[in-house]
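Visitor: I would like to learn how to read a model like this one. Where do we start?

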Amino acid sequence: MYEEFFGLREKPFTLLADPSFLYLSRKHATALSLLEYALSGQAGFCVITGEVGSGKTTLLRQFLQEVDARTTPGVIFQTHRDFGDILRWVLLAFGIEPKSDDRTQLYQNFLDFLIDQRTAGRRTILIVDEAQNLSVQALEELRLLSNVNFDKFLFLQIILVGQPELLEKLRLPELRQFAQRVAVHYDLGPLTAEETRNYIAHRMRIAGAQAPVFNDWAVAAIYYFTQGVPRLINSLCDMALVYAFADGRKLVDLEIVSAVVADREASGLMVFAKSVLGQDEESLRAQLSPLVSAAQLQEEASAAVKGPQALASPFDEDEDRPLTEAGPPAPAALGKRAR
């Protein structure tokens, strides 16, 4: 819709878990490294947690792209409270069609598969996304499946990825044996203000942008309203580009971002971390001013390190282009789009 207007090859802020757009913040890089360590270090259980929209599934897809040919991954991407027999889902995750309702036979089929993989010199790893939805019984069954590991041979590694509720469940007394087997755990927190700025620039650049589209006030507002949650950033940025396109404006500013948030609140579908209602432009700018100042100081420091001709912008192919607007946008009522 707006791609041609902004000179983009594709939409930069899709809500799909696309690893080609993955921005490795410090937290995401650490989580990815721990996943790689869990695999190479033969950790029996690895647990990655994070709030809704923190980028867990995108990280998983990146990890799956990086595993080598000696690894056989099985992935369960969707779980729910009425999930049913976990063993049948595990078999399906590895492409094994259950041919019996007898659990003993199903277990033997899976054990034979693991032995075949081990004999062929391959590692077998089971990944369960949205694992917070698994019942205590299902989690206990996963622990029992891991009992196929004996002596120094690891036949099955399991990675659980889920929301913070997964940790709460693993702390239950009836799952203490499971918790004791978790060799690696990492909680994926939200992005910082600086990471949010870099995240936006990164996705715009991957999509084909040749110049900044979001000015410093817009980026500060996006961080303020989303508190650094990637999915919320994507949602807000995408709609901000739509609003700017509708108004024929090449630059997204505070006014446009505020309009998106105000309209979402008015619709009753408020999903952002902070509200714009009841705030006038002056009070909002006062809250955002430290973020804008910090971003500008960072740009100046980076430019000083690189030299007088360098830019702190991620779009530094064109060295004659300014990073952002020279000053704040013209005053306008928050939540109202300029025409």
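Guide: With one cut-off. Buried means under 20% relative accessible area, and exposed means over 50%. By that cut-off Lys27 is buried, and so is Glu195. Keep in mind that this is a predicted model.

Visitor: What does Lys27 form with Glu195?

Guide: Start with the general idea. Side chains of opposite charge can pair when their charged atoms come close. Here Lys27 and Glu195 form a salt bridge, with the closest N and O atoms 3.4 Å apart. This pair links distant parts of the chain. Lys27 sits in helix H2, Glu195 in helix H9, and 168 residues separate them.

Visitor: How many salt bridges does the count come to?

Guide: The count comes to 11. Another of them joins Arg88 and Asp101, at 3.5 Å between the closest N and O atoms. Arg88 is in helix H4, whereas Asp101 lies in the loop between H4 and H5, 13 residues apart. Arg88 is partly exposed because its relative accessibility is 27%. Asp101, at 68%, is exposed.

Visitor: How far apart in helix H6 are Arg143 and Glu140?

Guide: Use the helix repeat. An α-helix has 3.6 residues a turn, so residues three or four places apart point the same way. Arg143 and Glu140 are three residues apart in H6, so about one helical turn separates them. Their side chains meet in a salt bridge of 2.4 Å, N to O. Arg143 has a relative accessible area of 6%, so it is buried. Salt bridges with shared partners also join Asp68, Arg70 and Arg123 into one network.

Visitor: Which residues of H5 are buried?

Guide: Leu106, Phe110, Phe113, Leu114 and Gln117. Look down the helix axis: these buried residues fall within an arc of 95°, so they line one face of H5. Thr104, Asp116 and Thr119 are exposed on the other side. The buried residues pack against E2, helix H4, strand E3 and helix H6. After H5 comes Gly121, with a positive phi near 75°.

Visitor: Which side chain does Thr72 join in a polar contact?

Guide: That of Gln117, at 2.6 Å. Thr72 is found in strand E2. At 13% relative accessibility, Thr72 counts as buried. Beyond its neighbours within four places in sequence, Thr72 is in contact with residues including Phe94, Phe113 and Ile125.

Visitor: How far apart are the end C-alpha atoms of helix H12?

Guide: They are 20 Å apart. At 1.5 Å a residue, the 14 residues of H12 should span 20 Å, which agrees. H12 is mostly covered, with 10 of its 14 residues buried. Among them are Val257, Val260 and Val261. Asp253 caps the N-terminal end: a side-chain oxygen lies 3.2 Å from the backbone nitrogen of Glu255. Just after H12, Gly268 takes a positive phi of about 85°.

Visitor: What does Leu236 touch?

Guide: Leave out residues up to four places away in sequence. Leu236 then touches Val257, Val260 and Val261, as well as Ile222, Phe225, Thr226 and Phe272. Leu236 is in helix H11. Its relative accessible area is 0%, so Leu236 is buried.

Visitor: And the chain as a whole?

Guide: The chain has 13 helices and five strands. Buried residues make up 50% of its 339 residues. Of the contacts with a separation of 6 or more, 77% come from residues 24 or more positions apart. The chain exposes about 16200 Å², and carbon and sulfur atoms supply 52% of that area.

Technical notes
Residues numbered from 1 in each chain as written. Predicted model: local features only at pLDDT ≥ 70, side-chain atom pairs only at ≥ 80, totals over all residues. Heavy atoms only, no water. Helix = DSSP H or I, 4+ residues; strand = E, 2+ residues; numbered from the N terminus. Expected span 1.5 Å × (residues − 1). Buried < 20%, exposed > 50% of the residue type's maximum accessible area, 1.4 Å probe, protein only. Polar contact = N/O pair within 3.5 Å; in protein donor to acceptor, adjacent residues only side chain to side chain. Contact = heavy atoms within 4.5 Å. Areas by Shrake-Rupley, 256 points an atom, 1.4 Å probe, with all protein chains shown as cover. Arc of directions from axis to C-beta. Salt bridge = Lys/Arg side-chain N within 4 Å of Asp/Glu carboxyl O.
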